[in-house]
Amino acid sequence: MRAQGHRRYELLLPWYAGGLVGPEETEELRKHLRTCSSCACEYQRLLRLRDAFADLRSAMPPPPPAVLDRVWSRLLRHEREQAGRSGWIARAALASAAVLAAATVGIGLHSTPYKTLGRSVQEEGLVQIVFDPNATEGEIRSLLQEVGATIAAGPHTSGLYRIRVRWGTDPSAAVERLRRHPRVRFVEVER
Amino acid sequence: MTDEELLRLIARKDPTAFREWYDRHSQSLYAYALRLLRDPQAAEDVLSEAMLAVWFEAARFRGDCQPRTWLYRIARNKAIELLRRRPADPLPLTDGVCGPWERDQERVDLRVTLEQALHALPPDQREVVELAFFHDLPYQEIARILDCPVNTVKTRMFWAKRKLRHALSPSEEAESEGLEDAP
């Protein structure tokens with residue numbers, strides 16, 4: 001009976017060492033460790049093993065930033081297709097004039113319930129961008145001025161804007177600059 | 001904001017919530033995939049596929065496990081699909097583990113030894129150890145991810161830990177040899 005209890009606690013030790021068992025089991029194990037020298041030794045060994053794993057974990061490389069870009073691209077493509085199927089692109093194109101006017105005078109940037117994911121004709125140098133939700137209108141404006149861009153449409157209900165870089169400016173260069181800005185959550189050249 | 005709350009927002013197609021989710025989980029998920037597949041390109045594929053699945057499937061999350069467990073299950077299934085299509089070509093053990101900036105030789109040696117010990121474990125045991133020690137998952141959640149009984153998880157850990165101990169401290173192991181019985 002006692003041996004069975006010991007075995008049960010022994011099997012739980014690897015998780016106990018990581019603080020990964022519930023309060024009841026924690027209490028039971030704490031009591032058991034006070035009386036079982038073999039489990040107390042094992043517990044110490046497991047703590048060292050956990051340290052070694054923590055060190056190994058700290059050395060793991062992060063995912064390359066390009067993965068997030070790929071995810072966003074596919075996600076946006078999908079949303080664009082969905083939106084295209086529901087036929088809102090035309091509505092968005094019509095609405096863009098009103099949004100652009102509002103954006104130019106700096107009002108209504110975050111309040112327009114408007115979708116920007118569709119691509120309309122004669123549009124080059126377009127970039128899709130999502131700002132940090134806490135970015136102020138002033139920050140967005142100065143960021144856009146910094147790269148010589150204006151809002152073409154947006155925000156989409158998802159927070160996505162479509163911006164246009166000044167004619168003759170390389171959109172990829174603008175994207176590179178924008179990508180480094182802490183207030184930018186996502187940015188890519190519209191293709 | 002909790003993971004459950006984020007998932008609810010993602011289900012409503014909130015990209016800011018999705019970005020938060022990605023920032024929160026991408027690193028550990030990438031590490032999980034990388035350690036499963038030992039191939040950075042394949043791990044990137046699994047990460048992006050799993051994250052996209054979250055965007056598309058968030059509404060289907062039933063809340064019968066931790067959101068992170070659900071995410072790991074998705075990633076694991078993607079990894080298995082990928083392995084079925086293309087068997088992994090293992091990298092040298094230290095690739096992607098020790099950065100070039102690493103100067104502490106003793107620490108590097110321990111990492112390499114641990115990597116070798118992990119690599120020598122049967123895959124089912126290695127996975128349990130990594131989910132517990134690397135990703136800090138409770139045994140109940142590991143059982144859900146691996147879709148196996150809780151006792152199987154504990155038993156795999158028992159054997160894995162014994163082998164790890166033997167690999168990491170052979171002298172210590174020799175002293176205690178024979179003192180333990182099978183669970």
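Contact here means heavy atoms within 4.5 Å. On that basis, 55 residues of chain B touch 40 residues of chain A in this predicted model, where local features need pLDDT of at least 70, side-chain atom pairs count only at pLDDT 80 or more, and totals for chains, interfaces and linings use all residues. Residues are numbered from 1 along each chain as its sequence is written, chains are lettered from A in the order in which they are written, and side-chain values use heavy atoms, with hydrogens and water left out.

Put together, chain B and chain A bury about 4600 Å² (accessible area lost to a 1.4 Å probe, summed over both), and 66% of it sits on carbon and sulfur atoms. B:Arg19, B:Phe133 and B:Phe134 supply 16% of the area that chain B buries against chain A, more than any other three residues.

As for charges, six salt bridges (a side-chain nitrogen of Lys or Arg within 4 Å of a carboxyl oxygen of Asp or Glu) run between chain B and chain A. One pairs A:Arg50 with B:Asp136 at 2.9 Å, N to O. Elsewhere, A:Glu42, A:Arg45, B:Lys161 and B:Arg165 join up in a network of salt bridges.

Over all chains the tally is 26 salt bridges. Within chain B, B:Arg156 meets B:Asp124 at 3.6 Å, N to O.

Note on methods
Buried area = accessible area lost by both parts, 1.4 Å probe.
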